[in-house]
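Open the viewer and follow along, one selection at a time. Each stop says what to pick and what is there.

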Amino acid sequence: MRRSYSVPSKNRIQADNSADNGSRRTGRAFGYIFLAVVGLIMGVILYIFLVLGQSLRTQINIVDAVNFQPISLDNIQLTENSSNTVSWGEGGRTRVYVHPDFPIIKIDQKDPDIENVLVFGVDARTADDVVCRADSLILVTIDRKYKAIKLTSVMRDSQVDIKGRSDPDRINAAYAYGGVGLLINTLNETMDLDIQRFAMFDFWSAASLIDAVGGIEIQVTQEEVPYTNQSIQEQNQLVPEASQSPYLEKAGLLKLDGRQAVAWARIRKLDSDYVRTSRQRTVMVTLLRQVSKSQLSTLLGMANGGLNAFETNMGSSDMIRIGLNAIPLTSRIFEYRVPEDGLYTVNPDPWMMIVDWEQQTRALHEFIWGDPSH
């Protein structure tokens with residue numbers, strides 16, 4: 001077969017050269033844009049790493065169970081600490097209590113797509129109150145399998161067996177007896193969980209995190225107003241007048257600052273501890289959803305002002321990973337309480353909730369590792 005060839009004209013050659021030059025210029029332009037974007041992303045990542053370094057880190061070992069030797073805690077009598085040497089208003093903060101004889105016992109994650117992190121508060125009134133009871137216990141589950149965040153409140157008066165104690169006690173006492181290691185180990189052993197990471201907020205640091213995002217909107221009832229104000233008054237007494245929070249003047253959907261929100265979440269005498277844990281979850285859900293809707297500049301500003309509000313055993317890479325996994329899931333947040341109704345009785349003296357842990361554990365596992373939509 002005879003093949004035919006065409007010879008390009010001079011104009012065609014010039015046009016092709018112009019096109020080639022234009023393509024190279026476009027390619028260089030896209031290359032510059034790409035490098036700029038990469039530079040921006042690297043700058044943001046570097047900034048986040050620097051900011052995440054502000055949070056206090058807890059140095060606590062994670063050991064295999066075979067290497068753990070429990071000690072007796074029967075001679076310890078818990079008392080309230082009345083020390084008032086370094087108040088939060090003077091810049092102090094409560095550190096995580098780490099007992100040298102109670103590391104975290106290593107447990108493999110049950111599902112690689114479902115991670116549990118313990119977020120807890122302590123009922124400390126000054127920075128010196130390190131050995132104290134856990135005030136609120138919320139298990140945060142980041143569920144990438146079913147695309148959800150799950151919040152589980154554990155009632156602080158739930159009766160449990162605590163390693164090293166001959167008699168059962170309240171779950172919130174585990175922290176006072178053996179620090180965060182004993183608290184996490186007790187939760188894992190009691191309910192067959194896989195907690196290895198935690199974040200602790202003291203009385204004030206939770207408020208500072210809320211302030212870092214500009215406050216949160218909470219629906220406050222008329223009955224809750226005087227109890228919230230009572231708690232605000234207690235908190236205001238611990239800080240200089242210039243930094244005190246105003247009292248609530250009305251009910252309704254209110255924009256609360258950090259101290260006001262914490263005061264609302266800590267109401268105890270109005271109703272019950274069940275409702276109190278519900279308020280705590282409401283504050284957390286509202287905060288999570290507000291963060292998820294924020295722009296990058298707001299998130300960075302929040303990180304700069306809020307990440308030093310807690311202490312954790314998580315490294316920077318853990319916090320970035322968990323944050324990136326959690327933020328897209330905030331449109332589906334589910335709540336649960338342990339113990340649930342019908343799975344406990346009450347021992348009046350001393351007042352503790354006697355839980356049917358066999359049934360409760362099954363129900364909790366269905367919530368954590370199952371489809372929350374069902």
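Helices here are DSSP runs of H or I with at least four residues, strands are DSSP runs of E with at least two, and both are numbered from the N terminus. The model is predicted.

**The whole chain**

Start with everything shown. The chain has nine helices and 15 strands. It holds 374 residues, and 47% of them count as buried.

Next, select the strands of the open sheet. There are seven, in the order β1-β12-β9-β4-β5-β6-β13. Their pairing is mixed. Go to the edges: β1 is residues 56-57 and β13 is residues 333-338. Each of these two pairs on one side only.

Select residues 114-122, strand β4, and residues 134-143, strand β5. The two run antiparallel. Nine bridges join them. Pick I114 and look across: D143 in β5 stands opposite.

**The helix on the sheet**

Now select residues 173-191, helix α2. This helix packs on the sheet. It touches β4, β5, β6 (148-154), β9 (197-201) and β13. The direction of α2 makes about 145° with that of β4.

**Two positive phi values**

Which loop holds D192? Select D192: it is in the loop between α2 and β9. D192 is not a glycine, yet its phi is positive, about 55°. Is D192 buried, partly exposed or exposed? Its relative accessibility is 39%, so D192 counts as partly exposed; that class lies between the 20% and 50% cut-offs.

Move to K147, in the loop between β5 and β6. K147 also is a residue other than glycine with a positive phi, near 55°.

**Two cis peptide bonds**

Select V338 and P339. A cis peptide bond joins them, with omega about 0°. P339 lies in the loop between β13 and β14, the latter being residues 344-348.

Where is P350? Look in the loop between β14 and β15 (351-355). Select D349 along with P350: the peptide bond joining them is cis, and omega is about -5°.

**Last look**

To finish, show α2 together with β4 and β5. Helix α2 touches both strands, and nine bridges hold the place between β4 and β5.

Terms used:
Residues are numbered from 1 along each chain as its sequence is written. This is a predicted model: local features need pLDDT of at least 70, side-chain atom pairs count only at pLDDT 80 or more; totals for chains, interfaces and linings use all residues. Side-chain values use heavy atoms; hydrogens and water are left out. Two strands pair if DSSP finds at least two bridges between them. Contact means heavy atoms within 4.5 Å. Axes are lines fitted to C-alpha atoms, for helices over the stretch in contact, and angles run from 0 to 180 degrees between N-to-C directions. Buried means under 20% relative accessible area, exposed over 50%, partly exposed in between (1.4 Å probe, protein chains only).
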